[in-house]
Amino acid sequence: MSHYKSGLEYAKQLDQNDVLASFRNQFHIPKDKNGNDLIYFCGNSLGLQPKSTKEYINQELEDWANLGVEGHTEGKNPWLHYHEFLTETMANVVGSKEKEVIVMNSLTANLHLMMVSFYKPTAKRYKILIEADAFPSDKYAVESQLRHHGYNDKEGLVLWKARKGEELANYNDLEAILAEQGDEIALIMIGGVNYYTGQFFDLKRITDLGHKNGCVVGFDCAHGAGNVDLDLHNSGADFAVWCSYKYLNSGPGSLSGAFVHERHANRKDLNRFTGWWSHNKKTRFKMRDEFDQLEGAEGWQLSNPPILSMAAIRASLDVVKEAGFKNMIAKSKELTGYFEFLINELNHSDIKIITPSNPDQRGCQLSIQVKNADRTLHDKLTAAGTITDWREPDVIRCAPVPLYNSFTDVFEFVERLKKLL
Ligand SMILES: *Cc1c(COP(=O)(O)O)cnc(C)c1O
């Protein structure tokens, strides 16, 4: 039984008791033509801008203006070590040790870099397993890795599909695939939280299954980072990647994160693509001939990083740190549980939530399937001042985010939906 109640007064009461309510004021909330706040449920696509981001970026612009190249060492936040300002909070958010995490490059690029090291096909074991409705970029990336190694991308790609008439992937089916062809699968690469259904996979369970069958296991956590408790270290996953512009509010196209489990920190036998930023920090600028591998996830860096983008990540992570990631997860469960309650209360046959109802198997996103794949409902919601996103063939993805969405947002959204239905 749900402990939620109907009515606006109840939503207001939940907002009053919300320890994170004041954080909304730390963000720019997009407005409609009349200057009213839009209901923004699209943090799963592009998180909103913290008001502090401008200051953080301006600081670096100023140091560049005033110091030029000296900013690398003399700036207020010396650029040479700038990525280290991000490590502690990022590690905390994804549940890793500090040396297991690095911010670098963009997401799909990092996925490829990880596969350079962790997809090592042999004649017998060369296939890659992904979930059937994986994010297109991930699917294209693994297909191109198969081709790059000389395999047929149709034959080499194994899909973990939902059963006919079902939306969510079932672990029994994954077990069956592995029982049948586990010895041919080199790599399991799953979206930690599926972008379409919002299903949060059991990373540890998948990793254990994969390892038992001799497969390497990695996750794309673009929809998980900042949204759910990934606990990457304890999951035992070999690697993970994610972006910082969705639930981590770091701006369009901002840098990506990567995790490499500490058991791989010093491995010399892995294939790697390297650059000067993969080299031992102590001797990097001696510009020596011989390469000396930097240990840990940092050792996968190639280039000196874009500081302006990192400044935006730093601003955002400082907000997360102030709010406390545990508080964010706790509020998120309430916010989404309340959202689910109100949608179910509508009891309308044209819409159905396909996201798992178990709060431990989802983040904040609810994917609402619309009967007859009717996109007009989404477009009407937009016209009514709400920002959600439509995904083909038939889903409206709605993500109430704990840092800047309120219980009143959720209530108001469902009121507008009710009118349109
Ligand atoms: C958002 C997202 C991407 C986008 O990749 P970019 O390289 O950042 O453009 C890729 N994969 C998943 C699972 C995503 O959610």
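**Notebook: a sheet and its helices**

I began with two helices and found that α5 passes α6 in a right-handed crossing (right-handed if the near helix is turned clockwise from the far one by less than a right angle, left-handed if anticlockwise). Helices here are DSSP runs of H or I with at least four residues, strands are runs of E with at least two, and both are numbered from the N terminus.

I noted that the model is predicted, that local features need pLDDT of at least 70, and that side-chain atom pairs count only at pLDDT 80 or more, while totals for chains, interfaces and linings use all residues. Residues are numbered from 1 along each chain as its sequence is written, and side-chain values use heavy atoms, with hydrogens and water left out.

I looked up the angle between α5 and α6 (residues 136-148): about 35 degrees, with the axes 10 Å apart. Axes are lines fitted to C-alpha atoms, for helices over the stretch in contact, and angles run from 0 to 180 degrees between N-to-C directions.

Next I looked at the sheet, which is open and has seven strands in the order β2-β8-β7-β6-β5-β3-β4, with mixed pairing (two strands pair if DSSP finds at least two bridges between them). I listed β2 (101-104) and β4 (157-160) as the edge strands, each pairing on one side only.

I then checked β3 (residues 127-131) and β5 (residues 185-191), which pair in the parallel sense over three bridges. In this part I found Leu129 opposite Ile188 of β5. Helix α7 (residues 171-181) packs on the sheet and touches β3, β4 and β5 (contact means heavy atoms within 4.5 Å).
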